[in-house]
Protein chains: 2
Amino acid sequence: MSKPHILSFESYDDWDSVPMAEAYDVHQFPASSNPMDLPEKVRNDIKAFAFKGHAHLGADIMDAFPNLGLVANYGVGFDTIDVAYASANGIAVTNTPDVLTDDVADLAIGMLLALSRDIVGASDWVRSGNWASSGAYPLQRTISGKTVGVVGLGRIGHAIATRLQSFNTDIHYFARSEKDTPGWTYQSDLVELATVADIMMVAVSGGPETAGIISAEVIQALGPDGVMVNSARGSTVDEEALLQALETGNIRGAALDVYDNEPNIDPRFAKLSNVLLQPHQSSGTIETRQRMGELQRQNLQAFFANKPLVTPVN
Amino acid sequence: MSKPHILSFESYDDWDSVPMAEAYDVHQFPASSNPMDLPEKVRNDIKAFAFKGHAHLGADIMDAFPNLGLVANYGVGFDTIDVAYASANGIAVTNTPDVLTDDVADLAIGMLLALSRDIVGASDWVRSGNWASSGAYPLQRTISGKTVGVVGLGRIGHAIATRLQSFNTDIHYFARSEKDTPGWTYQSDLVELATVADIMMVAVSGGPETAGIISAEVIQALGPDGVMVNSARGSTVDEEALLQALETGNIRGAALDVYDNEPNIDPRFAKLSNVLLQPHQSSGTIETRQRMGELQRQNLQAFFANKPLVTPVN
């Protein structure tokens with residue numbers, strides 16, 4: 001029996017590509033980004049995408065595959081996928097939630113601690129020999145006793161808040177509606193949240209609904225002693241306003257895993273000493289990436305077996 | 001009325017030295033480390049030390065001050081102070097517990113996350129432009145779901161365990177006796193603890209009782225996939241055994257804030273890529289250092305007012 005045909009976007013680790021190739025006839029999305037560079041027969045054969053990456057996936061690509069029935073996304077965020085168009089054309093979309101929640105929340109906390117305690121600068125201080133030659137490292141800032149504003153209380157925001165509660169912080173959160181929480185304070189207004197917060201943790205989904213919600217006004221309200229951690233999507237923050245606030249000291253610092261134009265980020269970031277920069281690695285552990293790949297393949301398998309999808313989006 | 005005379009060791013920030021000078025006639029411990037370099041009258045006048053630092057404070061120094069009644073230590077650890085000798089000679093010793101617990105636990109967690117997710121290397125990756133030119137950063141390792149072995153369940157060990165519990169880890173601990181915990185597993189044997197642990201957090205006090213307890217055998221038991229965080233004292237770890245294990249890959253990594261010979265640490269550390277090095281900055285925040293100085297002065301004040309000491313050690 002011949003294997004089902006799928007289209008793979010970007011590259012996969014061996015632990016994913018080997019089982020994928022065992023189960024499917026895997027075609028690679030053309031480097032040209034033009035699906036018409038694939039032969040017509042192949043485009044007709046392909047019934048599912050193993051999608052990955054942050055390039056836009058819209059009608060222009062989906063239309064080239066008349067028998068496409070599933071876009072199985074590798075990742076929890078699907079803001080680059082035109083889900084509305086997929087739904088309207090009977091194409092199912094799946095993602096890989098839950099399996100990466102812990103890692104994403106962990107890195108957000110690690111980024112906050114690394115920023116507040118300047119772990120990177122202190123590491124350089126030791127490795128360069130400055131500790132021995134020049135003495136103690138400059139004092140940094142504490143996080144206990146501070147007020148945290150968590151922006152978005154989905155799976156990841158909740159995991160971030162739960163962790164930060166154990167650090168003796170006071171948790172406030174912004175969400176579309178008040179949630180059932182262990183005593184956290186709901187704020188329906190982001191400027192209000194930023195005003196009370198010393199630390200702002202951005203944990204909303206990407207997409208049009210959240211684009212630019214961390215506006216110049218919100219950043220201004222966070223204030224010169226405030227810090228921000230963004231491990232959600234670059235699009236949620238007005239990046240120009242953030243850069244200006246960092247450059248002028250209108251906020252104390254920021255820790256960023258995501259940016260407007262990844263990986264070609266604005267070169268002004270690298271000139272700043274009050275930012276911690278990470279290369280979009282929130283879910284970047286061996287353990288979690290293996291689980292993400294497994295879940296992506298479980299969705300592919302369910303689709304080809306005509307069973308209910310494991311983690312459907314639409 | 002003339003001010004009481006005190007002897008100050010090492011330097012203090014203005015927020016400490018100004019109020020100290022308002023209340024006391026402050027003499028500085030000689031740069032020679034020889035107390036006899038102070039005039040006899042000054043040595044007779046001094047009734048209390050504002051002690052700081054990690055040089056040994058024993059009989060040789062205390063004996064030079066016949067009217068010494070208090071050693072007020074700035075810091076929670078007092079392993080460098082000969083408390084037995086002080087007690088035998090009617091000299092009280094105080095420290096600054098509690099006020100630094102949160103910061104020390106926070107940095108321990110920050111170090112664990114920075115090590116496990118290689119936050120320092122990933123930061124360099126972005127700042128050097130490698131992300132744009134060479135692509136995604138290598139995958140790192142998760143901490144959720146792992147078994148943590150906390151060595152010592154005093155104030156700081158407890159704070160570390162409480163935080164790590166919110167990271168969905170399984171907490172085991174070593175202590176002199178079993179404690180009342182929220183379901184953490186007691187291990188009376190350090191080799192046993194290291195055998196079950198993926199992550200070892202060292203949080204015991206320094207001093208002869210804990211010297212070298214993280215032995216070659218314990219490190220061996222932690223194993224090639226294990227990591228260790230030490231924010232306690234360098235003396236608790238067999239540093240030569242740790243260096244060898246790191247150099248040979250017999251453990252996966254270590255994050256260290258303390259060392260045998262601070263700040264002139266073994267140059268072999270800086271050659272390793274599987275260690276995160278911090279310059280003994282666990283309590284190094286503005287907020288906490290201010291509270292430590294206040295508590296040290298509260299003890300001095302209580303002593304000179306013949307009131308009960310706030311945080312006595314002996």
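Helix 1 and helix 12 of chain A run roughly parallel to each other, a label given to angles under 35 degrees. This is a predicted model, in which local features need pLDDT of at least 70 and side-chain atom pairs count only at pLDDT 80 or more, while totals for chains, interfaces and linings use all residues. Residues are numbered from 1 along each chain as its sequence is written, with chains lettered from A and ligands numbered from 1 in the order in which they are written.

The angle between helix 1 (residues 14–23) and helix 12 (residues 286–304) of chain A comes out at about 20 degrees, and their axes sit 9 Å apart. Helices here are DSSP runs of H or I with at least four residues, numbered from the N terminus. The crossing of this pair is right-handed. On the helix 1 side, Trp15(A), Asp16(A), Pro19(A) and Met20(A) meet Gln290(A), Gly293(A) and Arg297(A) of helix 12, contact being C-beta atoms, placed from the backbone, within 7 Å.

Over in chain B, helix 5 (residues 101–116) spans 23 Å between its first and last C-alpha, close to the 22 Å expected for its 16 residues at 1.5 Å a residue. Helix 5 of chain B is largely enclosed by the rest of the structure, because 16 of its 16 residues are buried (20 or more other C-beta atoms within 10 Å of a residue's own). Just past this helix, Asp118(B) adopts a positive phi of about 45 degrees.

As for the two chains, a rotation of 180 degrees with 0.0 Å of shift along its axis puts chain A onto chain B, at RMSD 0.0 Å. The copies are therefore related as by a two-fold rotation axis. The same surface serves both, with 100% of the contact residues of chain A recurring in chain B.

Key:
Helices (H or I, at least four residues) and strands (E, at least two) are DSSP runs, numbered from the N terminus. The expected span of a helix is 1.5 Å times one less than its number of residues. A residue is buried if 20 or more other C-beta atoms lie within 10 Å of its own, exposed if 12 or fewer, and partly exposed in between; C-beta atoms are placed from the backbone. Copies are superposed by least squares on the C-alpha atoms of residues with pLDDT of at least 70 in both. Two residues are in contact if their C-beta atoms, placed from the backbone, lie within 7 Å. Axes are lines fitted to C-alpha atoms, for helices over the stretch in contact, and angles run from 0 to 180 degrees between N-to-C directions. Angles under 35 degrees count as roughly parallel, over 145 as roughly antiparallel, 65 to 115 as roughly perpendicular and the rest as oblique. A crossing is left-handed if the near helix is turned anticlockwise from the far one by less than a right angle, and right-handed if clockwise.
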